[in-house]
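Hello,

Here is the structure I promised to pass on to you. Have a look at it first, and then read on for what turned up in it.

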Amino acid sequence: MHKHEKPRSAEVWHNPSFVVAQITAAVVSSALLLFVVAVGLVIRLVGFIPRWLRRPPRRQPSWDNREKWKKERLVKDPQYYARNCGFDIIDETAETEDGYYLRIHHVKCLHPEPELQKIGNGYPILIMHGLFQSSGSFITSEERSIAFWLAQRGYDVYLGNNRAVFDMGHRKYSRYSPAFWDFDVGDLAMYDIPAMIDYVCARTGYKKIAYIGHSQGNATAFMALSRWYRPDYGTKLSYFCALAPAMFVGPLGRRFPLVHLSRLDWPAWRRLFGVMDFVPLMKLSYDWTPATPYAALGYQMFAFLFEWNDTHWLQRRKAKMFRFTPMPVSSRLMYWWAGKNGFAQRGCLFDPNETWYDERFPPVSLYGGSEDHLVLPKPVLDHFNEHEPKTRVIREKIQAGAEHCDHYWAADAVEWCFHDILEDIRMTRES
């Protein structure tokens, strides 16, 4: 993927042609988003009865206390959800080598149980979100949220966020400058992942930490640890857990809308989506739309785009799951994923016939779902078996019926993978 010329500065806003181009792109991209939402709602509505008939009966877990959560508010405050579960979230900040400030959410257990705390004994874990998401994804399943579940067992949990998420800024550029938004997935791999790993190591005093990434959160780590980026950071991870490993694209890459986006070269993409944040209407909606309709529309849009059926979710949690989605990403980053010669068209992070990693790559576990249509788990294991002789896959598990986000949003996620992840961390950690 070629690098694009760096915009000079916010001074470009004095250029009338640039202003007109950005306003035009904002209008066009907003219209496209509204069209996709409208199409998605119609298709979802038409297909509701067939889906309802095919869907197995929803199971009510014995541990679910609906009454306890009836009065919970729908807010954009991670601390609120944490405190409702007996935890706190501390806002901390890391800085990348290229000047971006990253929000780190440090999870604290307010009522630790001594026997449980002995399991983790303070060992640090960094958890990283996927595309359009944030650390909020890992705290909306109440006590069974992966962040809280691990913190309750004595682990020192840090939730990372990519640049631009939670309105974080830059030491030099304003968020209104095109220079601020001039980044793609390669930049997240080169700078954001190392900055967060370094921050957690420095904060805790550990030379190695455990890392859990979902989707883009593991794609950027897979890139960062490759021989083309920052392979030395493999020595700072005792364990790497990939939930829905985003290394090989699934069948959605050949369907609407990705198949059409992949035909756009950068000049055409720039005319449609501009050179700043991707579809700014999403951010405006996040800031100003009432919580309930925003979450409902957000779910329907992503369910249509990614073919989710939420079969394994607790329905009452859906609204707050989507209270933190979508988060802002750059136009260039989306072009990396979906544009011409991007991930969706290439089908893979790197050339699948090459060796990507050396002996510094940490022990890795791979968790995929048989109903994940966005990325494919099996080719990832095949690649490691056939082309990565110096790496160690300690666990691979394809969960029957699981979709893209089920390994942390499913009602049974604890039973599906949390205990296995905990065991793998204990087996690989340094004292």
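This is a predicted model: local features need pLDDT of at least 70, side-chain atom pairs count only at pLDDT 80 or more; totals for chains, interfaces and linings use all residues.

Let's start with a pair of helices. Helix H7 (residues 185-204) packs against helix H14 (residues 331-338) at an angle of about 110 degrees, and their axes are 8 Å apart. Angles of 65 to 115 degrees count as roughly perpendicular, so H7 is roughly perpendicular to H14. Which residues in H7 and H14 meet? From H7 come Val185, Asp187 and Leu188, and from H14 come Arg332, Leu333, Trp336 and Trp337. Sorted by class, the contact of H7 with H14 has five nonpolar and two charged residues, with no polar ones.

Next, the sheet. Eight strands form an open sheet with mixed pairing, in the order S1-S2-S4-S3-S5-S6-S7-S8. Strand S1 (87-95) and strand S8 (393-399) stand at the edges; each has a single partner strand, so one side of each is left without a neighbour in the sheet. On average, neighbouring strands of this sheet are turned by 20 degrees against each other, direction ignored.

S1 and strand S2 (residues 101-109) run antiparallel and are joined by nine bridges. Glu92, for instance, has Ile104 in S2 as its bridge partner.

Finally, look for helix H8 (residues 216-224). H8 lies across strands S3 (124-128), S5 (209-214), S6 (237-243) and S7 (364-369), and runs at about 125 degrees to S5.

Enjoy exploring!

Terms used. Residues are numbered from 1 along each chain as its sequence is written. Side-chain values use heavy atoms; hydrogens and water are left out. Axes are lines fitted to C-alpha atoms, for helices over the stretch in contact, and angles run from 0 to 180 degrees between N-to-C directions. Helices (H or I, at least four residues) and strands (E, at least two) are DSSP runs, numbered from the N terminus. Angles under 35 degrees count as roughly parallel, over 145 as roughly antiparallel, 65 to 115 as roughly perpendicular and the rest as oblique. Contact means heavy atoms within 4.5 Å. Ala, Val, Leu, Ile, Met, Phe, Trp, Tyr, Cys and Pro count as nonpolar, Asp, Glu, Lys and Arg as charged, and the others, Gly among them, as polar. Two strands pair if DSSP finds at least two bridges between them.
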